[in-house]
Amino acid sequence: MTDKTESTVELDLSDVDHRVGKPVGGGQLWDPCSTSDIRRWVMAMDYPNPLHWDQEFARESRYGGLVAPQSIAVALDYGHGAQPACVGHIPESHLIFGGEEWWFYGCPVRPGDQLFQERRFHDYKVTDTKFAGPTMFSRGDTTHRNQHGALVARERSTAIRYLAAEATKRGMYENQLGAVKSWTAEELAAVDQLRHEWLLSNRAGVSPHFDEVKVGDKLPRRVIGPHTLASFTTEYRAFLFNIWGTFHWTAPAGIEDPWIYQDPGWTEGFGFDEEGARIDPRKRDGLYVGPSRGHIDADKAGEVGMARAYGYGATMGAWCTDYLAYWAGLDGMVRHTKADFRGPAFEGDVTYFDAEIVGKDADSAWGVPLVQVKLRLTNQDGGVLVSCTAEVELPY
């Protein structure tokens, strides 16, 4: 099927329709999660919860040792969790992340655990956007289980697929963005102070009790940034599938023509060289060669309509989970998040977190008391990056 809109350009969806609703394949990590994987992940997410990196603190906790943050499920997956949402060959296209929805089932990931994924292409729709004209919003589901078969998490990811040349021609971000912000010493000191205050807001991991909180309560404000090429690179390298030789391809049984690692139709210079990578793994490691190179290369970002270096959607989803889990403390946890990504974190920007309790449910479907939280991530100019709603379990 070829979708026609008011634009003169078209998305060729002929390789997409027949894959809707079907299981798909993808990458599977060879190795179990290690303590270094956990520490690298929280370092990249700028999430200094001592439960995840400080051995002495973790030993004294109820976990008895280091444990991974809930957000690590996406780091132990292939393709930043977007694999089942990026299905079918669309010529001359690119992809950015549109959002994530997560459900967590109370099974923590510890060092030595290994996650296995089941993936399914859920659905898609095409709308006309200011950013790129005809634009596909496609959704895919991933179920994460550990080596014992225990259900750890489920994710529904949304991918935004579009024609790179059309987005570049329209230049939406190019027209909106000014020069990369230059921060004064006073401004940076204020950012550092706010970051430090948030780190101290619950470093001991004390959980607020359900009866102690009320609708309208504000969560401590957080800030990350300014974002730089170094921070973007650090984030990227913490997703384990980007490390040479860490994964192999898997396919669901009984599916004819399963989508595993076929070419999604990336434009020239953004595809992988799968055969070449058997000799030189750099040819498919993403940043040097691959679809993510625009994240740290302004010229390449311009070729896909993004104007300058920019952060990762999966990182923003992890930021939301980490932020809420830090507030929930050691006896609480994040049960559900639904994050809509409204815009990227660009180089030079900072990201602020502001959240408020908007509801309470003492008798939830999860069988535990939950509070509903509305969370917004914004940049220094008030531009919205993420709009998130979440359900967080707290102890009585």
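This is a predicted model: local features need pLDDT of at least 70, side-chain atom pairs count only at pLDDT 80 or more; totals for chains, interfaces and linings use all residues.
**Exercise 1. Placing Y323**

In which helix does Y323 lie?

Solution. 
- Step 1: Y323 lies in helix α8, and α8 covers residues 313–328.
- Step 2: The relative accessible area of Y323 is 1%. The cut-off for buried is under 20%, so Y323 is buried.
- Step 3: Leaving aside neighbours within four places in sequence, Y323 is in contact with W198, L219, P220, R222, F353, A355 and L375.
- Step 4: Take L219 from that list. L219 and Y323 are 104 residues apart along the chain, and their C-alpha atoms are separated by 9.5 Å.
- Step 5: Y323 also belongs to a cluster linked by ring pairs, together with Y47, W198, W319, Y326 and F353.

**Exercise 2. Helix α5**

Check the span of helix α5 against its number of residues, then find which of its residues are buried.

Solution. 
- Step 1: Helix α5 has 17 residues, 185–201. The expected span is 1.5 Å times one less than the number of residues, which gives 24 Å for α5.
- Step 2: Viewed down the helix axis, the buried residues of α5 fall within an arc of 140°, so they line one face. The general rule behind this is that an α-helix has 3.6 residues a turn, so residues three or four places apart point the same way.
- Step 3: A185, E186 and L200 are exposed, and they sit on the face of α5 turned away from its buried side.
- Step 4: The cover over the buried residues of α5 includes β9 (222–224), α8 (313–328) and β12 (351–361).

**Exercise 3. Rings**

Classify the pair formed by the rings of F131 and Y162, and state where the two residues lie.

Solution. 
- Step 1: A pair of aromatic rings is described by the distance of the centres and the angle of the planes.
- Step 2: The count of aromatic pairs in the model is 18.
- Step 3: For F131 and Y162 the ring centres are 4.8 Å apart and the planes stand at 65°, so the pair is edge-to-face.
- Step 4: F131 is in the loop between β6 (116–129) and β7 (133–145), while Y162 is in strand β8 (residues 151–163). The two are 31 residues apart, and the pair links distant parts of the chain.
- Step 5: Both F131 and Y162 are buried.
- Step 6: Charged side chains also lie over rings: R284 is over the face of F272, 4.0 Å from the ring centre, and K360 is over the face of F210, at 4.4 Å.

**Exercise 4. A serine in a loop**

Is S207 buried or exposed, and which residues is S207 in contact with?

Solution. 
- Step 1: S207 is located in the loop between α5 and β9.
- Step 2: The relative accessibility of S207 is 8%, so S207 counts as buried.
- Step 3: Apart from neighbours within four places in sequence, the contacts of S207 are A328, G329, L330, D331, G332 and P395.
- Step 4: With L330, a polar atom of the S207 side chain lies 3.4 Å from the backbone nitrogen.

**Exercise 5. Backbone geometry**

Where is the cis peptide bond that involves P226, and what is phi of D257?

Solution. 
- Step 1: The cis bond joins G225 and P226, with omega about 0°. P226 is in the loop between β9 and α6 (229–238).
- Step 2: D257 has phi near 55°, a positive value in a residue other than glycine.
- Step 3: D257 lies in the loop between β10 (247–250) and α7 (298–303), and D257 is partly exposed, at 41% relative accessible area.

Terms used. Residues are numbered from 1 along each chain as its sequence is written. Side-chain values use heavy atoms; hydrogens and water are left out. Helices (H or I, at least four residues) and strands (E, at least two) are DSSP runs, numbered from the N terminus. Buried means under 20% relative accessible area, exposed over 50%, partly exposed in between (1.4 Å probe, protein chains only). The arc is that of the directions from the helix axis to the C-beta atoms. Contact means heavy atoms within 4.5 Å. Rings of Phe, Tyr and Trp (its six-membered ring) pair if their centres lie within 6.5 Å; planes under 30 degrees apart count as stacked, over 60 as edge-to-face and the rest as tilted. A charge sits over a ring if NZ of Lys or CZ of Arg is within 6 Å of the ring centre and within 35 degrees of the ring normal. A polar contact is a pair of N or O atoms within 3.5 Å; within protein, one must be able to donate a hydrogen and the other to accept it, and residues adjacent in sequence count only if both atoms are side-chain atoms.
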